[in-house]
Number of protein chains: 2
Amino acid sequence: MIKEPTVYINESIVRKNIRTIHKKIKQQNKQFRPHFKTHQSAVIGKWFKAENVKFCAVSSLSMAWYFAKNGWNDIMLAFPMNPALCEDYEWLASKIKLELFLSDVSVIQYFKKIINPVNIRIEINTGQNRSGLNMEDIDLIQKTISEIKKNTIHRFSGFAVHAGETYHAQDTKQIKTIHYRNMEYFQKLKLLTGNVNISYGDTPSISLMEDFQYIDELRPGNFVFYDWMQNQLGTCLRDDIAIYVKCPVVAVYPERNEAIIHGGAVHFSKESIMASDGYPVFGLVTRNSEANNTDLGYLKSLSQEHGVVKLYPGVGRNLKAGDTVSVIPVHSCLVADMATHYLEASSGQVIEKMKK
Amino acid sequence: MIKEPTVYINESIVRKNIRTIHKKIKQQNKQFRPHFKTHQSAVIGKWFKAENVKFCAVSSLSMAWYFAKNGWNDIMLAFPMNPALCEDYEWLASKIKLELFLSDVSVIQYFKKIINPVNIRIEINTGQNRSGLNMEDIDLIQKTISEIKKNTIHRFSGFAVHAGETYHAQDTKQIKTIHYRNMEYFQKLKLLTGNVNISYGDTPSISLMEDFQYIDELRPGNFVFYDWMQNQLGTCLRDDIAIYVKCPVVAVYPERNEAIIHGGAVHFSKESIMASDGYPVFGLVTRNSEANNTDLGYLKSLSQEHGVVKLYPGVGRNLKAGDTVSVIPVHSCLVADMATHYLEASSGQVIEKMKK
């Protein structure tokens, strides 16, 4: 019996997910640079090493330090270069091969403050409208390449694109449309810039698509665990989901068809997806026993520590305070980030992760 | 210059907020039991002690332990009694005066497993539809009181209500309507149960209302920091907000009127409020200098580490990568929960908080 919300990871599913995606990428002779922001664990990093993966991406300096200390010596910091961190980048670049993003042309000046060589990748915004130079602004992109090349210490290593808008796609067709739009653009970009290297992110595209012709490197992250959002997007099977959170049931209200679990916003985050009835869903709630993995309902709302479960009709009669349920989270990256550690689903062993 | 998202707390505003609410409660001869889930800090606990506050509420066992170790000896665990924690409750009850919630009648049997005496408060659901016995079910409530009283070790201490639906109110009028509905119910409940003690939560009601006639104890939490949600609800002035998060600006896109900060879902949570244009807002973005506290725009979306700022017209020209902005968060409790510590706004000193 667990006492509090506890994050479980199924090692064999994680290893299978790594192998599946790695195989797909290898078959096309592309480079695999998994994004480690999802798991933030040196132990899981070793499962990648066992598959002969040598590169990784991270989303913060502290993650870069953590994986550098754990034997990763070729790390992409897939986040806009932060001028406040020049000294930290310099120190890190003395230890490992470090790649940084140039996502705003004005930061070029700050690279001069970094004395140890780094790779500079220009981030391009192809439609997510988060960070990166506008894809249409070819003049600015070419001018920026020239500016980077004036620096004799650092090396221009290519372009980075994150098609994060795929996470908000309505269906797999929309993901495919985004992918082909980007592929067409990459073809044009390679022609204009002399076949420059392109690194591409996002789990939905890489899980669903087969054609990566104009892409050189792939850096998905979420696929390591997947989650309910990915399943609902159609990018993974339910059996591919390697993460769940065991939670104590603390109250059941059969007359409302609802139950309360210990498991709230501080465990699941406030990330939700919209169900077909227009209401948000914060997680799928199932019985925890593997043999009897019945769906019980879904998390309809979260307070700081409370989760309110909307039970499917009739389920309330068999559930009671003192039971344990397993929740498949909507967004595994955020759940994993808030966890202090994981337990392995079969062995119960602790899987260590980065401390905050 | 800060390097990463950093949570600041203004001590003088926190102390003012404590004094204001405490004074209001004392004037009506009610008991003040602030909810410490918002700050989770023994240092801030001392600021309450300095105002002669002796009781507190928490929302998890680990918080109860933390404050017990830090000299709080009368703690309400304002969360449904969890049958998996009987041994932990027993141990804690040997150290301090502990109050637990009975939120589901079926857990009565588990109190027998706790040998050291605890106070048992029946949680009543008056409309939030989270946890608690249905307010209309007077028979069940009275039967549950009798059941609790059969136990010779523990003591029935009253009712607890959290009017959490006030956080979703459209305006202050709606908060008042909820309050008067509850007050009317409490009057009836006291008549029916022999003037039983009533503990009442939620910051909006306690900040806005003046009449707590049928309430014996008040346990707001959020008021210690307040936040942008409370300000937009109309329950606090902007000058009452004691928390902000300094974030590095890492990219500015004047053509989109947008900027990117380091500050994402792992710093702010995914909590949002709806702006008048129907789009979600994840925080208000301001210049950090106290003297030049101009509003720059709002956080329109969050990834794991990225925050996308929608800038007000014209602002983009004066903002650049390398600048720092201050974000007033939508929900201070969740921001504070994810922080490892706070910095005091004037002195820059570290304010320690509970470790995860």
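Q: Which residue in β19(B) stands opposite B:Y8?
A: B:Y8 stands opposite B:L343 in β19(B). This is a predicted model, in which local features need pLDDT of at least 70 and side-chain atom pairs count only at pLDDT 80 or more, while totals for chains, interfaces and linings use all residues. Residues are numbered from 1 along each chain as its sequence is written, and chains are lettered from A and ligands numbered from 1 in the order in which they are written.

Q: What joins strand β15 of chain B to strand β18 of chain B?
A: Five bridges link β15(B), residues 283–287, with β18(B), residues 324–329, and the strands run antiparallel. The bridge partner of B:G283 in β18(B) is B:P329. Three bridges also join β15(B) to β16(B), residues 295–302, again antiparallel. There, B:L284 has B:Y298 as its bridge partner.

Q: Why are α1(A) and α2(A) called oblique?
A: Helix α1 (residues 11–27) and helix α2 (residues 42–49) of chain A pack at an angle of about 45°, with axes 10 Å apart. The axes are lines fitted to C-alpha atoms, for helices over the stretch in contact, and angles run from 0 to 180 degrees between N-to-C directions. Angles under 35 degrees count as roughly parallel, over 145 as roughly antiparallel, 65 to 115 as roughly perpendicular and the rest as oblique. α1(A) and α2(A) are therefore oblique to each other.

Q: What is the hand of the crossing of α1(A) and α2(A)?
A: The crossing is right-handed. A crossing has that name if the near helix is turned clockwise from the far one by less than a right angle, and is left-handed if anticlockwise.

Q: Which residues of α1(A) and α2(A) meet?
A: A:V14, A:R15 and A:I18 in α1(A) meet A:I44, A:W47 and A:F48 in α2(A). Residues are in contact if their C-beta atoms, placed from the backbone, lie within 7 Å. The residues of this contact divide into five nonpolar, no polar and one charged. Ala, Val, Leu, Ile, Met, Phe, Trp, Tyr, Cys and Pro count as nonpolar, Asp, Glu, Lys and Arg as charged, and the others, Gly among them, as polar.

Q: How do you know that the two copies are related as by a two-fold rotation axis?
A: Chain B can be laid on chain A with an RMSD of 0.0 Å by a turn of 180° and a shift of 0.0 Å along the axis. The two copies are thus related as by a two-fold rotation axis. The superposition is by least squares on the C-alpha atoms of residues with pLDDT of at least 70 in both copies. Of the residues of chain B, B:K270 comes closest to the axis, at 2.4 Å (C-alpha).

Technical notes
Two strands pair if DSSP finds at least two bridges between them. Helices (H or I, at least four residues) and strands (E, at least two) are DSSP runs, numbered from the N terminus. Two residues are in contact if their C-beta atoms, placed from the backbone, lie within 7 Å.
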